[in-house]
Amino acid sequence: MKIKRVLKWSVVVIVLALLVWFQIAYWTSTNDCGHNTGAPTNPMKAITYCDYGLANLKLEEVEKPVPNDDQILVKVRAASVNPYDWHFVEGTPKIMRMMGVGLRKPKDTRLGVDFAGTVEAVGKNVTQFKPGDDVFGGRGGAFAEYVCRRAEGAVALKPANVTFEQAASVNIAGITALQALRDKGKIQPGQKVLINGASGGVGTFAVQIAKSFGADVTGVCSTRNVDLVRSLGADHVIDYTKEDFAKGSERYDVILDNVPNHTLSECRRVLNPKGKYVLIGGGGPNDSRWIGPFGRIIKTMVLSPFINQQMGMMMADANHDDLTILADMMQSGKMKAVIDRTYKLSEVPAAIAYLEEGHARGKVIITVE
Ligand SMILES: NC(=O)c1ccc[n+]([C@@H]2O[C@H](COP(=O)([O-])OP(=O)(O)OC[C@H]3O[C@@H](n4cnc5c(N)ncnc54)[C@H](OP(=O)(O)O)[C@@H]3O)[C@@H](O)[C@H]2O)c1
């Protein structure tokens with residue numbers, strides 16, 4: 001009896017302690033907004049947000065960054081918008097907030113990742129780049145006039161025949177498409193590859209990359225994008241408003257899922273017995289605001305060891321070598337970025353709102369003057 005009572009009170013105390021800890025953590029979760037009251041000494045314009053929500057985005061003057069010994073300073077000429085940015089703006093799925101993004105307010109008040117621009121200065125240890133080089137890559141805070149980033153990492157030289165807007169499209173979407181097909185899908189010439197969501201940022205790159213590997217490519221998109229997806233090289237295009245790929249008779253070796261709108265068993269039905277299902281997308285505005293795509297990710301991980309088909313998710317890992325591969329593909333004309341709309345730096349909120357609708361055709365670009 002005594003042990004039972006001790007256990008009961010221990011549980012109550014632990015739960016209360018966790019609740020108190022959560023409350024304290026929530027209310028002390030803040031960012032640097034309001035701490036730097038003085039005007040920047042060397043200002044540049046950047047998009048900032050002190051609280052979650054699109055309405056809280058501002059174009060502000062902040063301190064221009066200074067490169068350390070291992071960094072380059074890039075004058076940004078173009079940036080691109082990704083669903084990734086939208087997740088950070090909204091702080092969803094909310095589980096992200098508990099994973100260090102900021103419980104009540106965003107910890108990092110800067111936005112944007114993909115950029116292309118010109119190197120303005122380099123740190124003393126940098127040998128890969130010099131002032132005047134045109135480069136592209138990824139770095140947090142890319143919705144700004146300048147970014148600093150380590151020279152060793154997700155940055156590469158921009159080919160001269162590729163525009164800044166095209167190059168700024170590549171970092172997240174192009175790398176995701178490449179790594180999903182090559183590393184997770186282990187794509188081989190002649191294989192049948194299905195790309196669900198073939199007309200978006202990732203999909204438009206994926207169709208072209210899969211073709212360059214010699215695959216037989218099927219793209220899934222809506223009616224208005226059928227011609228676009230075919231023009232990118234898809235051998236077959238399924239208009240999802242008229243036909244459901246998961247009910248068809250075709251079987252695929254690799255499925256790249258940018259729009260997980262079918263159950264895993266529906267996808268498995270059209271996957272060859274040893275086929276590979278690569279989960280890329282999920283967690284859009286219509287998914288659970290708390291766990292987003294994590295439920296489906298866990299299901300694929302649990303299922304995979306028990307079946308012959310390989311089911312898994314991928315997380316893009318931007319790096320210099322893969323950016324260089326994509327730059328070469330663009331330079332040689334094997335791949336191009338499809339640019340849907342272009343916005344100014346001051347219009348980042350409108351650009352993110354447009355992407356959030358879920359029907360961008362290729363990439364949404366921010367030009368920085
Ligand atoms: N795992 C990772 O590392 C990683 C990296 C990048 C992106 N992602 C995720 O991957 C997803 C795709 O990213 P993205 O940049 O390509 O997004 P996006 O550019 O916003 O993709 C929008 C595209 O989705 C298509 N779409 C919407 N509903 C569809 C449906 N029912 N069937 C087929 N296509 C449909 C739209 O085509 P229509 O207009 O024709 O409907 C549109 O072209 C997002 O969820 C993103 O968060 C994950």
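A residue is called partly exposed when its relative accessible area falls between the limits for buried, under 20%, and exposed, over 50%. In this predicted model, Phe88 has a relative accessible area of 23% and is therefore partly exposed. Tyr84 is also partly exposed, at 42%.

These residues form the one aromatic pair in the structure. The ring centres of Tyr84 and Phe88 are 4.8 Å apart and the ring planes meet at 40°, so the pair is tilted. Both residues belong to helix α2 (residues 83–90), where they are four residues apart, about one turn of the helix.

Charged side chains were also found over aromatic rings. The charged end of Lys64 sits over the ring of Tyr146, 4.2 Å from the ring centre. For Arg341, the charged end sits over the ring of Tyr354, at 3.7 Å from the centre.

Six strands form an open sheet with parallel pairing, in the order β10-β9-β8-β11-β12-β13. Strands β10 (236–239) and β13 (310–313) are the edge strands, each pairing on one side only. On average, neighbouring strands of the sheet are turned by 15° against each other, direction ignored.

Within the sheet, β8 (residues 192–196) and β9 (residues 216–221) run parallel and are joined by five bridges. Lys192 has Asp216, in β9, as its bridge partner. Helix α6 (residues 201–212) packs on the sheet and touches β8, β9 and β11; the direction of α6 makes about 170° with that of β8. Helix α5 (residues 171–184) lies across β8, β11 (252–257), β12 (271–279) and β13, and runs at about 150° to β12.

Key:
Residues numbered from 1 in each chain as written. Predicted model: local features only at pLDDT ≥ 70, side-chain atom pairs only at ≥ 80, totals over all residues. Heavy atoms only, no water. Phe/Tyr/Trp six-rings, centres within 6.5 Å; stacked < 30°, edge-to-face > 60°. Helix = DSSP H or I, 4+ residues; strand = E, 2+ residues; numbered from the N terminus. Buried < 20%, exposed > 50% of the residue type's maximum accessible area, 1.4 Å probe, protein only. Lys NZ or Arg CZ within 6 Å of the ring centre and 35° of its normal. Pairing = 2+ DSSP bridges. Axes fitted to C-alpha atoms, helices over the stretch in contact; angles between N-to-C directions. Contact = heavy atoms within 4.5 Å.
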